[in-house]
Amino acid sequence: MSERPTPPISQRKQPRQARSTELVAVILEAATQVLAKEGAQRFTTARVAEKAGVSIGSLYQYFPNKAAILFRLQSEEWRQTSGLLTRILADSTVPPLVRLRRLVHAFIASECEEAAMRVALDDAAPLYRNAPEAHEARARGQESFQAFMHDALPHATEAGRQLASELVISTLSSVGKRFSEVPRTQQDIETYAEGMADMFCAYLGALGAS
């Protein structure tokens, strides 16, 4: 049996005028509200159009399906998180392990701040997880980690740095998601992040010494 093709998730067209840009912004704001209230399972383009106060035809001018809207929301979340982490990791004035510690604290805090939306987007991930656009977005996010590992582990092999990068990324992602699924106090967040940072720093320290 042949696999079903992945539906397109790119916008049909990019807004070029102020009015069009505003329309897309209204649609995305409505989508955020519908997703937060209804969850991924009950998220539909009809509900988004109704919430935005636009016709379904106007919505389809920019987004071919609900996967395209959800992927745009996920892309915005990725962009914001990636920008934050890249700024921390790329600050060469700070020692690598200090950068890593700051990154862990920033990431865990970010996960907890918008936990409900992140959980809903994770539930919607099967709609776009295997699309080429999603693979490209994840690849861009990994580049800053790989560059950081060259600073942190200058004498390690390329394979060793790649493995370290994958382990840190996957652990941060999975553990951060699980930790943020229930409400946490600020003290809980700081204590947990510090423990994770200790673990990662010990790991990289051991790799650097070997």
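Let me begin with helix 5 (residues 96-113) and helix 9 (residues 186-209), which pack at about 145 degrees with their axes 9 Å apart. Helices here are DSSP runs of H or I, at least four residues long, numbered from the N terminus. Axes are lines fitted to C-alpha atoms over the stretch in contact, and angles run from 0 to 180 degrees between N-to-C directions.

This is a predicted model, in which local features need pLDDT of at least 70 and side-chain atom pairs count only at 80 or more, while totals for chains, interfaces and linings use all residues. Residues are numbered from 1 along each chain as its sequence is written, and side-chain values use heavy atoms, with hydrogens and water left out.

I turn to a pocket. A pocket is an open set of points on a 1 Å grid over the protein atoms alone, where a 1.4 Å probe fits, with protein on both sides within 12 Å along at least five of seven lines; lining residues have an atom within 4 Å of a point. Helix 4 (66-89) gives the largest share of the second largest pocket's lining, 4 residues. That lining divides into 4 nonpolar, 2 polar and 3 charged residues, among them Leu28, Gln80 and Glu114.

Finally, confidence: mean pLDDT, on a scale from 0 to 100, is 84 for the protein chain. Helix 6 is lowest, at a mean of 74.

Terms used. Helices (H or I, at least four residues) and strands (E, at least two) are DSSP runs, numbered from the N terminus. Ala, Val, Leu, Ile, Met, Phe, Trp, Tyr, Cys and Pro count as nonpolar, Asp, Glu, Lys and Arg as charged, and the others, Gly among them, as polar. pLDDT is the predictor's confidence in each residue, from 0 to 100.
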